[in-house]
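Dear colleague,

I am handing over the structure we spoke about, with my notes on it below. Please read them with the coordinates open beside you.

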Amino acid sequence: MQGAEFEQVYDFGNLYAGFLKARRGKRHKPSVAKFEANLLEALCLLSEMLKTKTYRPSDYFVFKVYEPKERIVMTNAFKDKVVQHSLCDNILEPAFSKAFIRDNYASQSGRGTHDGLYRLEEFMRSYYFTRKANAERERRAAGLPPPGPEEVRHYSDGWVLKCDISKYFYSIQHEPLKQMTRKYIKDPDILWLVDLIVDSTENPGIPIGNQTSQWFAVMYLSGMDHFIKEKLGIRYYGRYMDDFYLIHEDKAYLQYCRGEIEQYVARLGLRMNKKTNIFPLRNGIDFLGFHTYLTESGKIIRKVRRSSKCNAQRKLKKQRGLLDREKISLSDIEQSYGSWRSHAAKGNCYHLIQKTDSLFQNLFKESEKQWPKV
């Protein structure tokens, strides 16, 4: 007899909800149109295949993308996307997210890149004013006068350990991943489906294009999050997938933390890449598309990464050519640029946005789009 949890995966209503999510932005694709044309029959068949455990994932379509860097992407058949949305939304997300720390930002509802940026800002401000309060309390206890400009500028002194995992998705080991999943999920029928999806590609590695891969990747380092916060005692810590940082006033302690973290991820079959480094906090932190700085006065400044600025300008010029060859519509270009513009507006980027608006207007004189003031 199958458990109630697994019934949620093959429930017709949940599969239909999964279909609606999988269809977003893809209605023009032939595979989606074919599935939708026989929707009732397709969902009933999918439900029956899951229920009787005759479901098998289809072969993957493999291709490369080159932005922001070259990556191999494996995408599955539309029916598999429907199944994975149902599995993730009804089982994986509620099971995994209970164990996540607050500062694990990827994939979760209410989190994301902007939440991670605002938390970094909060951390930097807290770091500065905590050091300021401690220093002033010590001066009062010692009978010293209020600090002068020279003392104040040192409140922002500190160190950052910035970490990145080398080829993260391609290095995730199947057996540790399946054992971790068993800590959160006990239903053997769901575990059958999870194992089927995990083992649908060669070990190590999970497909970047899978919905389940996003949740597996977020969960795979969740134990490390707790290790850093609870065992190493790092207060100012945040992670988005395999990109994470630690802020501390003691460089030697961060060097110790680096060694401990490297040993931890090695047990998971992972290793840090060459970008992992310890540097002064005054240099700013490159995280989630922005470079965030803490000034000597405690002010937080957030600038778009130089690479993001260059990529946006290069993309507009490329889109001009695509529009001339009728490979893309003007509305698609406006939507794409609007998304980048909204992202840049989350930082102190007034002049950059004005400059890029001018480039857009020069390239696309036929556009009547009026961009809002920053």
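I begin with Lys-167, which has a relative accessible area of 59% and is therefore exposed. Please keep in mind throughout that this is a predicted model. Lys-167 sits in the loop that runs between β3 (159-164) and α8 (168-171), and its phi is near 45°, a positive value in a residue other than glycine. Positive phi is also found at Ser-107, where the angle is near 70°; Ser-107 belongs to the loop between α5 and α6 (113-141) and, with a relative accessible area of 35%, counts as partly exposed. I mention these backbone angles because most residues other than glycine have a negative phi, and most peptide bonds are trans.

With a relative accessible area of 1%, Asn-210 is buried, and once its neighbours within four places in sequence are set aside, Asn-210 is in contact with Tyr-60, Met-74, Asn-76, Gln-84 and Ile-197. Another buried residue is His-85, at 13% relative accessibility, which is part of helix α5 (residues 78-97). Not counting residues up to four places away in sequence, His-85 touches Gly-18, Lys-21, Ala-22 and Gln-211.

As for the overall picture, the protein chain has 16 helices and nine strands, and its C-alpha atoms fill a box of roughly 80 × 60 × 35 Å along the principal axes. Of the 374 residues in the chain, 45% are buried. Where contacts join residues at least 6 apart in sequence, 69% of them link residues at least 24 apart.

The axes of helix α12 (residues 222-231) and helix α13 (residues 251-266) come within 11 Å and cross at roughly 155°; since angles over 145 degrees count as roughly antiparallel, α12 and α13 are roughly antiparallel to each other. The crossing of α12 and α13 is right-handed. On the α12 side the contact involves Gly-223, Met-224, Phe-227 and Ile-228, and these meet Glu-260, Ile-261, Tyr-264 and Val-265 in α13. Sorted by class, the residues in this contact are six nonpolar, one polar and one charged.

Lastly, the cysteines: how many disulfides does a search of the whole structure find? The search returns zero. A disulfide is a covalent bond between the sulfur atoms of two cysteines, and the cut-off applied here is a pair of cysteine sulfur atoms within 2.5 Å. For Cys-163 the nearest cysteine sulfur is that of Cys-257, at 9.3 Å, so that Cys-163 is in no disulfide under that cut-off. Cys-163 is buried, with a relative accessible area of 1%, whereas Cys-44, at 39% relative accessibility, counts as partly exposed.

How values were computed. Residues are numbered from 1 along each chain as its sequence is written. This is a predicted model: local features need pLDDT of at least 70, side-chain atom pairs count only at pLDDT 80 or more; totals for chains, interfaces and linings use all residues. Side-chain values use heavy atoms; hydrogens and water are left out. Axes are lines fitted to C-alpha atoms, for helices over the stretch in contact, and angles run from 0 to 180 degrees between N-to-C directions. Helices (H or I, at least four residues) and strands (E, at least two) are DSSP runs, numbered from the N terminus. Angles under 35 degrees count as roughly parallel, over 145 as roughly antiparallel, 65 to 115 as roughly perpendicular and the rest as oblique. A crossing is left-handed if the near helix is turned anticlockwise from the far one by less than a right angle, and right-handed if clockwise. Contact means heavy atoms within 4.5 Å. Ala, Val, Leu, Ile, Met, Phe, Trp, Tyr, Cys and Pro count as nonpolar, Asp, Glu, Lys and Arg as charged, and the others, Gly among them, as polar. Buried means under 20% relative accessible area, exposed over 50%, partly exposed in between (1.4 Å probe, protein chains only).
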